[in-house]
Amino acid sequence: MNPDPAGIPAPTPRLDAAQLVDALFRTHGIGLDLVGRAPGGEVGAAFVRWPDGRDAVLTRAGDGSAESAAALRATADVLGLARSRGVPVPRYDLIAPVDGAHAVVQERLPGAVPHVVDARLVERMIAVTRTWSGLLAGRADLEPPTLHLTESGPGFCLHESLDRYDARTRRLLGQVRAVGREVDVLAGDDLVHLDFHPGNILVDAAGLITGVVDWDGWGRGDRWFSLEVLAFDLAWRRADVSVRDLLDELIAAAVDPSRLRAYRAHLSLRQVDWAIRHHGPGEVDAWLAIVADRLRP
């Protein structure tokens, strides 16, 4: 059975940086120079410059509501705590409502996205997550993120995409929902980056990590979830098998099997949904092969 495009949810729109810069000026009188689009990213970010010459990064987030603003302020607060513990994360310099969303202007950290993903980079990424361990202990006010295994997430992890695409994705959705009846939250006291992959890492000329960026998705939970995100990314990149196996062994030794299966179910749902809505049949097929392997009993 061929997928029905009319029944599949719409893709998430990419950032229109010029429009957002214009809206900031019209709404708040804040003048930023648009420098260019930041590399990578599915939704996108832009490099901008303040009138005093400081470089920054512009993104669009939330829905313009007071709840959205509060969530963004919480992100800024948590990243401030992380910076105080030596984690290389950006400072939030502006959160402003514009045109039914929020413009966020962050500090631009030094370094660039790594060109080579090898064992040394993966080891450094594992090491940086150790600084997140227990970082949010005592912050019971921060609800653990849901894994969206039993119902759709807000703009991602959409069940409708898998339900309407084809028989293979419906079978996967059934697996995901079955896992979700056992575990559907990301419990723990660590700081967690929900999209931790090399595209959200900055390194210097020596390959040392200078920044971890794109904290739109974060939570109080288990830092090993972030490393499972990395493991999925390494599978997609077809990284060296020995590197992938080593990371998988570390994760399996640290995470209860039922929780690990829930992490993998979430990422399977997330990646296949995104491929359906944004990339098409070739990428859907590739991700289905990867998730079939990672969801094996």
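This is a short tour of a protein model, stop by stop, for you to follow in your viewer.

The model is predicted, so local features need pLDDT of at least 70 and side-chain atom pairs count only at pLDDT 80 or more, while totals for chains, interfaces and linings use all residues. Residues are numbered from 1 along each chain as its sequence is written, and side-chain values use heavy atoms, leaving out hydrogens and water.

**Stop 1: helix H1**

Select residues 17–28, which form helix H1. Helices (H or I, at least four residues) and strands (E, at least two) are DSSP runs, numbered from the N terminus.

Now colour Ala17, Leu20, Val21, Ala23 and Leu24, the buried residues of H1. Looking down the axis of H1, you will find them within an arc of 160 degrees, so they line one face of the helix. The arc is taken from the directions from the helix axis to the C-beta atoms. Buried means under 20% relative accessible area, exposed over 50%, and partly exposed in between (1.4 Å probe, protein chains only). On the other side of H1, Phe25 and Arg26 are exposed.

**Stop 2: Val128**

Move on to Val128 in helix H3 (residues 119–130). Is Val128 buried or exposed? At 10% relative accessibility, Val128 counts as buried. Show Pro88, Phe196 and Val212 too: Val128 touches them, not counting residues up to four places away in sequence. Contact here means heavy atoms within 4.5 Å.

**Stop 3: a loop**

Next, pick His148 in the loop between H3 and helix H4 (159–165). His148 is not a glycine, yet its phi is positive, about 60 degrees. Cys157 is found in the loop between H3 and H4, and its phi is positive as well, near 55 degrees. Cys157 is buried, with a relative accessible area of 0%.

**Stop 4: a pocket**

Finally, select Asp248, Arg264, Asp293, Arg294 and Arg296, which lie nearest the centre of the second largest pocket among its 14 lining residues. On a 1 Å grid over the protein atoms alone, a pocket is an open set of points where a 1.4 Å probe fits, with protein on both sides within 12 Å along at least five of seven lines; lining residues have an atom within 4 Å of a point. Helix H8 (257–278) gives the most to this lining, with four residues.

How values were computed:
Expected span 1.5 Å × (residues − 1).
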